[in-house]
Amino acid sequence: MKKKKANWAVKLCVVLFAVYAVTTLLTLQVQINKKKQENAVLQAQAEQQTQKNAKLAESLESKVDNAYLTNLAREKFGLVTPGEKVFVDVSN
C-alpha cells in the first residue's frame, strides 16, 4: 500500500512539474515575441533617425544661399533689412 501512495505522489509531482514547465515556456515565448516587436520598432526609429541625420549633414555640407538665409531670418527671427518698413496687422 505504501508503494502505491509513493508512486502516486511521484506521478503527481511529475505532472505538476510538467505543467509548471509548459506554463513557464509559454510565458517566456510571449515575452520573447513582445521584445522582438519592440526591437523592430526601435530599429525602424533608428533607421529614420539615421536618414534624418544624413539629410542634416548633407544640408550642412551644401552651400547655403543668401536667399535661404534671408528667408530664414525673416520667418524665424523677425529680422528685416535696413530701411525696410514692417506693418503688423493687429486687427485679429
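**Exercise 1.** Work out how many helices and strands the protein has, and what its dimensions say next to a compact globule of 92 residues.

*Solution.* Start with the secondary structure: this predicted model has two helices and zero strands. Next, take the radius of gyration. A compact globule of 92 residues would come in near 12 Å, but here the value is 34 Å. Then look along the principal axes, where the C-alpha trace spans about 110 × 40 × 10 Å. Finally, check burial: buried residues make up 1% of the 92.

**Exercise 2.** Find which residue pairs with K35 in a salt bridge, and say where both partners lie.

*Solution.* The partner is E38, with the closest N and O atoms 3.6 Å apart; that passes, because the cut-off is 4 Å. Now place them: both sit in helix α1 (residues 2-61), three residues apart, or about one turn of the helix. For accessibility, K35 counts as exposed because its relative value of 54% is over 50%. E38, at 36%, counts as partly exposed.

**Exercise 3.** Now take E84: which residue does it bridge to, and what parts does the pair tie together?

*Solution.* E84 forms a salt bridge with R74, and the closest N and O atoms are 2.7 Å apart. R74 belongs to helix α2 while E84 lies in the segment after α2 (66-77), so the pair ties together parts 10 residues apart in sequence. Both ends are partly exposed: E84 has a relative accessible area of 32%, and R74 has 35%.

Technical notes:
Residues are numbered from 1 along each chain as its sequence is written. This is a predicted model: local features need pLDDT of at least 70, side-chain atom pairs count only at pLDDT 80 or more; totals for chains, interfaces and linings use all residues. Side-chain values use heavy atoms; hydrogens and water are left out. A salt bridge is a side-chain nitrogen of Lys or Arg within 4 Å of a carboxyl oxygen of Asp or Glu. Helices (H or I, at least four residues) and strands (E, at least two) are DSSP runs, numbered from the N terminus. Buried means under 20% relative accessible area, exposed over 50%, partly exposed in between (1.4 Å probe, protein chains only). The radius of gyration is taken over C-alpha atoms; the globule rule is 2.2 Å times the number of residues to the power 0.38.
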